[in-house]
Amino acid sequence: MPLLLSRTALSSLPASVAVPRYEIDTVPVGIVHIGIGAFHRAHQAVYTDDALALAGGPWGICGISLRSPDVRERLNAQDCLYTVVEKARAGTAYRVVGSVREVLFRGNDLDAILARMVAPATRIVSLTITEKGYCHDPARGELNLAHPDVVHDLALPEDPVSAIGLVVLALDRRRASGAGPLTVLCCDNLPHNGRLVEGMVGTYARERDPALAAWIAANVTFPSTMVDRIVPATTESDLADVDGALGLLDAAPVVCEPFRQWVIAGEFAAGRPAWERSGAQFVADVAPFEAMKLRLLNASHSMFAYLGYLAGFETIWQVAAQPDFVALMRALMDETTPTLALPADVDLGAYKAALVERFGNPALPHRTQQIAMDGSQKLPQRLLGTVRDNLAAGRPIDCAALAVAGWMRYVAGIDEAGRAIRVSDPLAADFARVVAEHGADTAGLARGLLDLSAIFGTDLPADPRFVVPVTRALASLFAEGAARTVAAAARRQSPVL
Ligand code: CS2
């Protein structure tokens, strides 16, 4: 039986596996990260691992898991070390990351979590809790005060279940104990994510105590970030593969593409790791980069997820191997481009070409069904902002309309072979209600879904320039199926095909 990965076992790893180039034991915790899932471990923790090796500093990470003790059990058993497996077409690279120094679980470590968040040594609280973790109204970007978790936390603020509730409780205690300023760093795929979280923390804090909200405004900063790395959920076969490469058992590896990008703007109230040394870009305004990534990468991802799933493809690289789908992705990106305003040194053409290449990486199976999750929380910033900007300028929106129709067809809940689709979304009950009401009436279904104002606001459902093409595309998806609808759209968009 091979040994478990651990500090003492690091020296027995094969030379091909990179290991931390600093003394992990002596690194104090300076960052508390809420949402210690695969994405954080393959992204910010890697940047921090590099920064610790290159520049040192008190920037170990305490990871917090809100929903399940699983990661805590796995990581704590192996000194919080884990392998990042970078999979390229050309081969695989393995590195063990040491920046995570502790993992706690909300379920039974609340006191320890608060002690960490309130400690003066903690200077940054960062978050990757996915879009739905913010309990917000995605169309308006505001905290949803009627969300059950928010209602719960406002009634019992000392026992928070939401991330915002936990952060504000910790801030309140920092205020009381004089622990000093803090940076709250959102690393989720939301537009203006720093400002958004600042607004939600402010709303929640004001509900609790206006004086607390004022203290937060004076002592806490909320930089904005654009984060990018494709990190599919780890599978059993990934685990076996890593164990083979290491000659040790690793119960918590993460698998990702080689590419990574992190763009950050804004003040850090109490210092930060030398992330610029590990490749993070510090800019004056992150908004153009966020828009580029959300509206090109994530929008195409969602489009591939819904239409690709419906056409029978399990993974993104399989969808990206279909010329019609790639033509449609290119057309969607071209449709989106006039809404973007990037600094002159950003080569958008190269960025778009790289996206097609990245999606096509067959070494990295990324399930369409994984990306299809939580569409209600994703559509506004991925597709609907583009639609609004293009409609305002009188430009076409056909590709985005087809992507939205793909989402509608998917949440209708039955695939093209008549099998049930497992629709995972905080608004799944609303979808089911609309589907039950309208059955096979496509226009009614489109109308019912468009009426969900948390997704579409009130402007888009009232605009025939959006409603008509979406309804038409949805009808085609039902009548012709996804593959034929995509082929026809690809032909229309690029007549040379
Ligand atoms: C994906 C993202 O699951 C999803 O919705 O679109 O997680 C995507 O892989 C990352 O944003 C890439 O940086």
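**Notebook: a look around a predicted model**

I started with Thr386, which is buried, with a relative accessible area of 2%. For my own use: buried means under 20% relative accessible area, exposed means over 50%, and partly exposed is in between, with a 1.4 Å probe and protein chains only. I found Thr386 in helix α15 (residues 375–392). Helices here are DSSP runs of H or I with at least four residues, strands are runs of E with at least two, and both are numbered from the N terminus. Leaving aside residues up to four places away in sequence, Thr386 touches Arg295, Thr336 and Thr339. Contact means heavy atoms within 4.5 Å.

A note on ground rules: this is a predicted model, where local features need pLDDT of at least 70 and side-chain atom pairs count only at pLDDT 80 or more, while totals for chains, interfaces and linings use all residues. Residues are numbered from 1 along each chain as its sequence is written, and side-chain values use heavy atoms, with hydrogens and water left out.

**Domains**

Next I looked up the domain assignment, which gives domain 1 (10–282) and domain 2 (287–493). Such bounds come from an automatic or database domain assignment. I noted 29 Å between the C-alpha centres of the two domains. Across the boundary, 31 residues of domain 1 are in contact with 34 residues of domain 2.

**Cores**

Which residues touch the most other members of the largest nonpolar core? I wrote down Trp275, Trp407, Met408, Phe456 and Phe466, out of 124 residues in that core. A nonpolar core is a set of buried Ala, Val, Leu, Ile, Met, Phe, Trp, Tyr and Cys residues joined through side-chain atoms within 4.5 Å. The most residues come from helix α10 (residues 287–310), which gives 12. Domain 1 and domain 2 both contribute residues, so this core lies between them.

I then followed Phe466: not counting residues up to four places away in sequence, its contacts include Leu384, Val387, Leu391 and Ile397. There is also a second, separate core of 43 residues, with Leu66, Leu110, Leu114 and Leu166 among them.

**A helix pair**

I picked helix α12 (residues 323–336) and helix α16 (residues 398–411), which pack at about 120 degrees with their axes 8 Å apart. Axes are lines fitted to C-alpha atoms, for helices over the stretch in contact, and angles run from 0 to 180 degrees between N-to-C directions. That angle makes α12 oblique to α16; under 35 degrees counts as roughly parallel, over 145 as roughly antiparallel, 65 to 115 as roughly perpendicular, and the rest as oblique. On the α12 side I listed Leu328, Ala331, Leu332 and Glu335, and on the α16 side Asp398, Cys399, Ala400 and Leu402.

**Loops**

Most residues other than glycine have a negative phi. Thr130 sits in the loop between β7 (124–127) and β8 (136–137), and its 36% relative accessibility makes it partly exposed.

His192 has a positive phi too, near 45 degrees. I placed His192 in the loop between β10 (182–186) and α7 (193–208), and at 32% relative accessibility it is partly exposed.

My last stop was Phe259, in the loop between β13 (254–256) and β14 (261–265). With 30% relative accessibility, Phe259 counts as partly exposed. Not counting residues up to four places away in sequence, Phe259 touches Asp228, Arg229 and Arg358.
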